[in-house]
Amino acid sequence: QVQLVESGGGLVQAGGSLRLSCAASGNIVRVNTIDWYRQTPGNQREWVASVFSDTSARYTDSVKGRFTISRDTINNTGYLQMNSLKPEDTAVYYCRFTVRTPGVVYFRDYWGQGTQVTVSS
């Protein structure tokens, strides 16, 4: 049983910044990969960024140079720092953790509830 709770979304003007957080709780042995996705009404969920167990990171082209993904291993928390925000960044943002729990030898995916980010022009 793992729960992910997201926070940090809100309304911001174009050019502004927001920092999203995703805190995992439950019987966690290890967090492997942390990912962020976003989705707008009527569209498919889009992958945004990932940070891996070795701390390396990958980003979709549209956010490179503006977004930074990071992780706090001790507190099982992931972050997405979003700078120079644009109206096209408006979406519901979801975090996903790949987690191993007690008594299980493989990693499973868990999703946050989503947090709304709105960027005004």
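This is a predicted model: local features need pLDDT of at least 70, side-chain atom pairs count only at pLDDT 80 or more; totals for chains, interfaces and linings use all residues.
Biologist: How many helices and strands does the chain have?
Modeller: Read along the sequence, the pattern is β-β-β-β-β-β-β-β-β-β-β. The secondary structure comes to zero helices and eleven strands.

Biologist: What radius of gyration does the chain have, against that of a compact globule?
Modeller: The C-alpha trace spans about 50 × 25 × 25 Å along its principal axes. With 121 residues, a compact globule would have a radius of gyration near 14 Å. The chain agrees with that, at 14 Å.

Biologist: What share of the 121 residues is buried?
Modeller: The accessible surface of the chain is about 6400 Å², and 47% of it belongs to carbon and sulfur atoms. Buried here means under 20% relative accessible area. By that cut-off, the buried share of the 121 residues is 43%.

Biologist: Which element gives the most residues to the largest nonpolar core?
Modeller: Nonpolar side chains tend to be buried together in soluble globular proteins. The largest nonpolar core here has 28 residues, with Leu4, Trp36, Phe67, Leu80, Met82, Tyr93 and Phe97 making the most contacts inside it. Elements giving two or more residues include β1 (2-7), β4 (30-39), β8 (77-82) and β9 (91-100). The most, five residues, come from β9.

Biologist: Which residues does leucine 80 contact, leaving aside neighbours within four places in sequence?
Modeller: Leu80 is among the residues with the most contacts inside the core. Leaving aside those neighbours, leucine 80 is in contact with Leu18, Arg19, Leu20, Trp36, Ala49, Phe67, Thr68, Ile69 and Tyr93.

Biologist: Is the aromatic pair of tyrosine 37 and tryptophan 111 stacked, edge-to-face or tilted?
Modeller: The count comes to one aromatic pair. Its ring centres are 5.2 Å apart, with 55° between the planes. Under 30 degrees would be stacked and over 60 edge-to-face. The pair of tyrosine 37 and tryptophan 111 is therefore tilted.

Biologist: How many residues apart are the two partners, tyrosine 37 and tryptophan 111?
Modeller: Tyrosine 37 is in strand β4 and tryptophan 111 in strand β10 (residues 108-111). The pair links distant parts of the chain, with a separation of 74 residues.

Biologist: Is tryptophan 111 buried, partly exposed or exposed?
Modeller: Tyrosine 37 is buried, with a relative accessible area of 14%. For tryptophan 111 the value is 36%. Exposed needs over 50%, and buried under 20%. So tryptophan 111 is partly exposed.

Biologist: Which ring does the charged end of arginine 45 sit over?
Modeller: The charged end of arginine 19 sits over the ring of tyrosine 79, 4.5 Å from its centre. For arginine 45 the distance to the ring centre is 3.8 Å, and the ring is that of tyrosine 94.

Biologist: Where is threonine 55, and is it buried or exposed?
Modeller: Threonine 55 has phi near 75°, a positive value in a residue other than glycine. Threonine 55 is found in the loop between β5 and β6 (57-59). Its relative accessibility is 58%, so threonine 55 counts as exposed.

Biologist: What is the relative accessible area of serine 84?
Modeller: Serine 84 has a positive phi of about 50°, although it is not a glycine. Serine 84 lies in the loop between β8 and β9. Serine 84 is partly exposed, with a relative accessible area of 41%.

Terms used. Residues are numbered from 1 along each chain as its sequence is written. Side-chain values use heavy atoms; hydrogens and water are left out. A nonpolar core is a set of buried Ala, Val, Leu, Ile, Met, Phe, Trp, Tyr and Cys residues joined through side-chain atoms within 4.5 Å. Buried means under 20% relative accessible area, exposed over 50%, partly exposed in between (1.4 Å probe, protein chains only). Helices (H or I, at least four residues) and strands (E, at least two) are DSSP runs, numbered from the N terminus. Contact means heavy atoms within 4.5 Å. Rings of Phe, Tyr and Trp (its six-membered ring) pair if their centres lie within 6.5 Å; planes under 30 degrees apart count as stacked, over 60 as edge-to-face and the rest as tilted. A charge sits over a ring if NZ of Lys or CZ of Arg is within 6 Å of the ring centre and within 35 degrees of the ring normal. The radius of gyration is taken over C-alpha atoms; the globule rule is 2.2 Å times the number of residues to the power 0.38. Accessible areas come from the Shrake-Rupley method with a 1.4 Å probe; for residues, only the protein chains shown count as cover.
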